[in-house]
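Notebook open. I want to look up a few local features, then the contacts between chains, then the confidence.

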Amino acid sequence: MTVYLVRRVLQALLVVLAMSLIVFIGVSAIGDPVEILISPDADQIERERAVQALGLDLPLWQQYAVFLTKALQGDLGRSFVYNEPALKLILQRMPATMELAFGATIFALIIGLPLGLYAGLRPDSRLSRIIMAGSILGFSLPTFWVGLMLIMVFAVYLGWLPSTGRGETGTLLGLQWSFLTWDGLRHLAMPALNLSLFKISLVIRLTRAGVRETMLMDYVKFARAKGLSPARVTFVHVFKNILIPVVTVVGLELGSTIAFSVVTESVFAWPGMGKLIIDSINVLDRPVIVAYLMMIVLIFIAINLIVDLTYSMLDPRVRLESKGT
Amino acid sequence: MTGKLRKLALAAGTAFIGLSAQGALAQSVTMAVAAPVTSLDPHYHQLSPNNAVADTIFDKLVNTDAKSNNLPGLALSWRAVEPNVWEFKLRPNVRFHNGNPFTAEDVAFTLQRLPNVPNSPSSFAAYSRPIQAMEIVDPLTIRFRTAAPHPLMPLDMTNVRILDRETHQNATTEDFNAGRAAIGTGPYRVVSHRSGDRIEFERNDNYWGDRAPFQRVLYRMITNDAARTAALLAGDVEFIDQVPTSDLAKLRQDNRIALSETVGLRLIFLGLDHLRQANENSPFITDNDGRPLGRNPLQDVRVRRALSIAIDRKAIVDRVMEGAAVPAGQFLPEGVYTHVPGVTPPAFDPDAARRLLAEAGYPQGFRIQLNGPNDRYVNDARIIQAVGQMWTRIGVRTTVEAQPWTTFVGRAGRADFSAHLIGWGSNPDGSHPLRNILATQTRERGWGSSNRGRYSNPRLDALLDQSLVELDEPKRVQLVIEAQRIAAEDVAVIPLHIQTNIWGMRRHLAHDARNDELTRAQDVRPAAR
Amino acid sequence: MSDAALPAKIADKVETPFRRFVSEFAESKVALGALVVFVIIALLAIFAPWITPQNPYDLAELDIMDGRMEPGTVGGAGFTYWLGTDDQGRDMLSGIIYGLRISLTVGAGSALIACLIGASLGLLAAYAGGRTDSVIMRLVDLQLSFPTILAALMILAFLGKGIMNVVIALVLVEWAYYARTVRGTALVERRREYIEAAQCLALPTHRVLFRHLLPNCLPPLIVVGTMQVARAIALEATLSFLGLGVPITEPSLGLLIANGYEYMLSGKYWISFYPGIALLITIVAINLVGDQLRDVLNPRLKK
């Protein structure tokens, strides 16, 4: 177990290192941040000064070496744009993205599970067909387009919800959270729904597939033959069995939800990490881009690890050492 | 919040509706701007959104009005007491938000700070560089000594926001961003700041000038154009800047919305390749079969003129810009003191364009690629497509490539393109575009740093040189105008249009539209009833 | 799983795997309809130059004076803009048909190349095992630990715009899915008797890999492939929307939507709406087909 953990962590570090190198080279190849950040009427002397101030006059390998040395001390560099530690900027925006991602996940579960269950139990009914067709829509609709449609309908025409931005926040654990206030929740609803569309479909399909497979299992057939009530069979035997894979996938999806919030956050002007990264890419704010991507990779790795560990605890048949397929 | 207040006001009773609604509304306003403010440090990053907010919190020695004319700010008057010495008389009885008095010491401190802001990606050092020595005559008089006569000193001072020596001695950019050090003499003070999201302001009741109209201002950043308009329509914000041209028609009809607009100082133009000589190939120009031409047609003024008059500027302004621009033939709009009289937007004449091309030896035209950004200027990618259509019609088969500013600007700076679209947001003095875009690129003088087509004309350089040391204002203006006239006659660049700056607001608000594009909280006030 | 479980109604016909597959697929009317729709879309895309009234990619055929015309208006060139025009005077109908062409090319092209690369690597990993396997699988992990949209954004920012570059970016972010799928299936299959038999016969490795192992990994690959085509099309649309996809003069569906997006609020819905519908129909059709394929090819669901 310990060996396994150590190996995983070492692998993770290797991945992060490789990634930071790729991103470092990639961002530097795209363009020169000074060209973008500098005032158009700055003369050549001022441009050279700025290049020096940002440490961009060194050869790229030296810049990377400087970055690595500092990274080992926990300093991922200062943003070119904000002149603040990149990590601090990202952490400041993290609660906003996190509550968006969690909101989306909750939406996905409370909408997806019942619908998927129904569709799995009555695969041939009309309603199931509609649910499944709807889930395909959820997979197919581009997020950005749905986002604007939501704003048009709920904010502009109906006026039920605020169009964009994050509302009032309350403080919990020293961080600002908008789900603590009514105004904050109203602001959260639309973007979270927008971000969850894909996941709702995913949950519907996973649940349905799970239900259909489980219903064919011998133990379910046996339970039914034994004369247990359909409700009991469904909720105790079937539901419990499918909950594990569904929760796993949704958990695994959390990482990609955080990543995908880039699109939702730009449509809804949600001040989270996703918007920060898009803005940073636009001005080639390399320290922020590198720090953000390293962070995302770490989140991914952590989630995978947690899922694997939980799995092995829930299901003794899964042995960690033989991580094959 | 305002919504609640409005309801309260309505509930207050019919007799006082008008009055109380007015009173309640005047308490606060929510604004949304398109471009994120990256720092509250007024000397960290030379960037319009930062400057707009800095103008709200701080003051300059020389302020500017909505038309960019100089106004007394923290200085009451200024004059060149000797050819190389400027004297500024300061405003008495001004206090910073924390109560500290404003004196000449603060001015000296501020100018010393400009070149010393760590990690600044675009500093304000250029404005203090001409100053060789500062002399504090008395607490309310300061003199700047320069190496050569420097007629642009007052103009330079319109860019420098004044800090307090005592408060800001050791203040870092982070201190400003956290709000701790965001203390100036301006009409509003900072209550809180959430980077990239919102700034809350509160009225500075001790302001030396006109009292700010609102007790509180919420200054939000909504970068997405459609979302910003939607927020205004939904009433979540009461005021927005950079109204998307595609929404103009609809907003003009909406009786809940008012617009404020003015012709700005930003010219959109096409830069042409002057770097390759007449007998060299330009990178994106070929003959009609795609083979190299062996010469650079853009070195021929007839070709440049043909390309210019092939463009139907009015069509671009009407159809692409939806009226939010004026056709242009030079850098500055009419009404600005360095506008060149008599140089009008080139008239659309495709037949004459074809004749000019034939005269220049290209009766069948040639092929060219027009490059441009797709995320920088209003409708940038649409404009280059429209120009592409128009050039193709006179036989210059045009392909169009738009790319993000990040990749575009570097290549444009290296003169990689044959023709490219770019913009220039000028200050009202013609020396600004002359020095940066039209003058021959020379590192030592700091000229031509944005001369991405590498245009070079000794006559223009000579006139500019004279103007930069001419202290006699009418004479200097004449020199600047003459130099610009030369550029226009030589078609150094192809001017397309000057943008109109447009703000949108709910009917209960009014706004003084500024031609420098800055969205400042103090310019928004309740509409007169 | 066994043949005995097949429905009796088709047992009287000559039983070939293909015929069985076709009849099972056709069981779902919806999937069949989706297939027909998809074929029509593909035909439209292939024959676009012969059926559209305008070449929307030729700037000489566009006129901004015809810009933003409502559906049904007759334009300067004399034909009717049935779906209106965009801001450049581009006929939306022509634009959509050409856009379908690009979207399908990008979707199918990237899926095919990614499939080739991914499947080969996956097979190799499963067959060779050991060090090769762990190197390939670490690469897959690296790729999958990186959010698709961000990876594609970075790659495109680096490569610049263009249809080829979009395909390259999509291949780079998608090959790992195929590699993982094929490796997983192949690991199960290679323990089967027929592979052992082939190995006992001392058949050359490539023959075992491609003639014996690969065909048996195909069903899951087809399912993943279909889904990935739809995914690629949606991703291309998103990238174009973010300003990093295809060139503006050759808009794909995503770019058409992005262009019209700004006009939605001002009531000029058609610029964004119709391409959105076209995109939607395409992706839904592909997904419905893929869905049915999954049901048919997944042995565990057979009754």
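I started with B:Gln242. Is B:Gln242 buried or exposed? B:Gln242 counts as buried because it has 21 C-beta neighbours inside 10 Å. My cut-offs: buried takes 20 or more other C-beta atoms within 10 Å of the residue's own, exposed 12 or fewer, partly exposed lies in between, and C-beta atoms are placed from the backbone. B:Gln242 lies in the loop between strand E11 (239–240) and H9 of chain B. Its phi is near 45°, a positive value in a residue other than glycine. Elements here are DSSP runs numbered from the N terminus: helices are H or I with at least four residues, strands are E with at least two.

Residues are numbered from 1 along each chain as its sequence is written, and chains are lettered from A and ligands numbered from 1 in the order in which they are written.

Next I checked A:Asn83. It is not a glycine either, yet its phi is positive, about 55°. A:Asn83 sits in the loop between helix H4 (60–72) and helix H5 (86–121) of chain A. It counts as buried because 24 C-beta neighbours fall inside 10 Å.

I looked up B:Gln169 in the loop between helix H6 (165–168) and helix H7 (173–177) of chain B. B:Gln169 counts as exposed, since it has 10 C-beta neighbours inside 10 Å. From B:Gln169 to B:Pro49 I read 120 residues in sequence and 25 Å in space, C-alpha to C-alpha.

B:Arg220 is in strand E10 (residues 216–221) of chain B. It is buried because 24 other C-beta atoms lie within 10 Å. Which residues does B:Arg220 touch, not counting residues up to four places away in sequence? I listed A:Gly165, B:Thr30, B:Met31, B:Ala32, B:Arg198 and B:Val237. Contact means C-beta atoms, placed from the backbone, within 7 Å. B:Ile383 is 163 residues from B:Arg220 in sequence and 29 Å away in space, C-alpha to C-alpha.

**Helices of chain C.** I tested the length of helix H6 (residues 148–159) of chain C. At 1.5 Å a residue its twelve residues should span 16 Å, and the end C-alpha atoms are 16 Å apart, so the two agree. The expected span is 1.5 Å times one less than the number of residues. Nine of the twelve residues of H6(C) are buried, among them C:Leu150, C:Leu153 and C:Met154. C:Gly160 follows H6(C), with a positive phi near 90°.

Then I took helix H4 (residues 92–128) and helix H5 (residues 130–144) of chain C. Their axes come within 7 Å and cross at roughly 145°. Axes are lines fitted to C-alpha atoms, for helices over the stretch in contact, with angles from 0 to 180 degrees between N-to-C directions. In H4(C), C:Leu121, C:Leu124, C:Ala125 and C:Ala128 meet C:Gly130, C:Thr132, C:Asp133, C:Ile136 and C:Met137 in H5(C). By class I got six nonpolar, two polar and one charged. Ala, Val, Leu, Ile, Met, Phe, Trp, Tyr, Cys and Pro count as nonpolar, Asp, Glu, Lys and Arg as charged, and the others, Gly among them, as polar.

**Between chains.** The contact of chains A and B takes 46 residues from chain A and 43 from chain B. On the chain A side, H3(A) gives the largest share, six residues. That side divides into 25 nonpolar, eleven polar and ten charged.

For chains B and C, 30 residues of chain B are in contact with 24 residues of chain C. On the chain B side, the largest share is eight residues, from H13(B). I counted eleven nonpolar, eleven polar and eight charged there.

**Confidence.** Chain A averages a pLDDT of 80, and 95% of its residues score at least 70. pLDDT is the predictor's confidence in each residue, from 0 to 100. Over residues 320–325 of chain A, pLDDT stays under 50. I left a caution: where pLDDT is low, the predicted coordinates should not be read in detail.

Notes:
This is a predicted model: local features need pLDDT of at least 70, side-chain atom pairs count only at pLDDT 80 or more; totals for chains, interfaces and linings use all residues. Two residues are in contact if their C-beta atoms, placed from the backbone, lie within 7 Å.
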